[in-house]
Amino acid sequence: MQTIIKTLRKTLKAAGSEAVRTSTQRFFKEEIKVYGIKSAEVKKIAKLHFAEAKHFSKEQVFGLCETLMQSGYYEEFSIACVWMCHTHKDLKPKDWSVFDHWVDAYITNWAACDVFCGGTVGTFLEMYPQHLKKLKTWAKSKNLWKRRAAAVSLVWPARTGLFHETVFELAEILLLDSEDMVQKGYGWMLKEAANFDQQAVFQFVMQHKAVMPRTALRYAIEKMPKEMKQRAMAKEVQTVLNQ
């Protein structure tokens with residue numbers, strides 16, 4: 001198994017670019033470790049090297065993925081998430097404890113949060129919705145990435161109307177979060193939920209307009225008709241002027 005990792009890392013080092021490293025860093029507030037490879041190329045590399053591991057057990061793939069996550073390199077984390085897709089059909093309820101640990105231990109930026117939680121965690125919750133209640137615990141975590149993860153994990157399910165009640169419960173918990181990455185996360189979740197029930201999301205925004213952070217509000221209403229946006233923003237502007 002370690003041979004796969006060693007060969008993969010050799011490929012990544014060879015493909016890295018200083019120009020891409022520099023441009024990638026601009027998307028992050030915190031310093032991140034990157035080889036400097038564009039996302040499309042990373043996916044190709046992930047597919048190429050997983051050919052050697054496609055017959056591995058789920059536990060073996062989990063082990064490979066954790067080794068990649070431990071490196072701290074974003075490209076390796078992304079490849080781990082691509083490889084995790086091959087295990088989705090074999091996920092079991094007990095795997096939640098693994099994912100909970102990974103979010104705590106290895107997610108240190110918005111991109112890693114989104115690629116893992118939007119894919120694997122979201123898929124897991126569709127398979128085992130009894131674990132939805134665990135997202136409320138995440139939403140109250142001291143770890144800002146875990147709070148963002150609570151919302152982002154429902155972005156894809158929310159598009160089709162799944163877990164509608166939980167979407168609003170999480171938005172209530174995260175409503176006054178001071179971290180902009182969390183605000184963007186739950187605002188994004190609401191925006192996707194609006195694809196299924198625009199009126200419900202609009203009502204939520206209007207109900208909480210006086211205290212809802214501007215960042216979250218703008219994300220939530222981004223795809224709404226102009227008239228609805230104007231109503232939401234006008235209310236918001238009036239609130240700001242009155243402070």
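I started with a working definition: buried means under 20% relative accessible area, exposed over 50%, and partly exposed in between, with a 1.4 Å probe and protein chains only.

Next, some ground rules. This is a predicted model, where local features need pLDDT of at least 70, side-chain atom pairs count only at pLDDT 80 or more, and totals for chains, interfaces and linings use all residues. Residues are numbered from 1 along each chain as its sequence is written, and side-chain values use heavy atoms, with hydrogens and water left out.

**Entry: two single residues**

I looked up P157, which is found in helix α10. (Helices are DSSP runs of H or I with at least four residues, strands are E runs with at least two, and both are numbered from the N terminus.) P157 has 0% relative accessibility, so I noted it as buried. What does P157 touch, leaving aside residues up to four places away in sequence? I found G122, E126, L162 and F163, where contact means heavy atoms within 4.5 Å. I also checked F168: it is eleven residues from P157 along the chain, and their C-alpha atoms are 13 Å apart.

Then I went to E76, in helix α5 (residues 74-84). Is E76 buried or exposed? It is buried, because its relative accessible area is 1%. Not counting residues up to four places away in sequence, E76 touches R9, L12, Y35, L68 and S71.

**Entry: helix α9**

I checked how covered α9 (residues 144-152) is, and eight of its nine residues are buried. W145 and V152 are among them, and so are K146, R147 and R148. The buried residues of α9 pack against α6, α7 (110-127), α8 (133-139), α10 (155-159), α11 and α12.

**Entry: helix α12 and its neighbours**

I took α11 (residues 164-174) first. It packs with α12 at an angle of about 155 degrees, and the axes are 10 Å apart. (Axes are lines fitted to C-alpha atoms, for helices over the stretch in contact, and angles run from 0 to 180 degrees between N-to-C directions.) I therefore wrote the two down as roughly antiparallel. (Under 35 degrees is roughly parallel, over 145 roughly antiparallel, 65 to 115 roughly perpendicular and the rest oblique.) The contact uses H164, V167, F168, L170, A171 and L174 of α11, with V182, Y186, M189, L190 and A193 of α12. By class I got ten nonpolar, one polar and no charged residues. (Nonpolar covers Ala, Val, Leu, Ile, Met, Phe, Trp, Tyr, Cys and Pro; charged covers Asp, Glu, Lys and Arg; the others, Gly among them, are polar.)

On to α14 (residues 214-221): it packs with α12 (residues 180-193) at about 25 degrees, with axes 7 Å apart. That makes α12 roughly parallel to α14. The α12 side of the contact includes D180, Q183 and W188, while α14 brings T215, A216, Y219 and A220. The classes here are six nonpolar, three polar and three charged residues.

**Entry: aromatic rings**

I searched the whole structure and got 15 aromatic pairs. (Rings of Phe, Tyr and Trp, the last by its six-membered ring, pair if their centres lie within 6.5 Å; planes under 30 degrees apart are stacked, over 60 edge-to-face and the rest tilted.) One of these is F99 with W102, a tilted pair at 6.0 Å centre to centre and 50 degrees between the planes. F99 and W102 are about one helical turn apart, because they sit three residues apart in helix α6 (residues 96-106). F99 counts as buried at 0% relative accessibility, and W102 does at 2%. I also noted one aromatic cluster made of F62, F77, W96, F99, W102, F116, F124, Y128 and W138.
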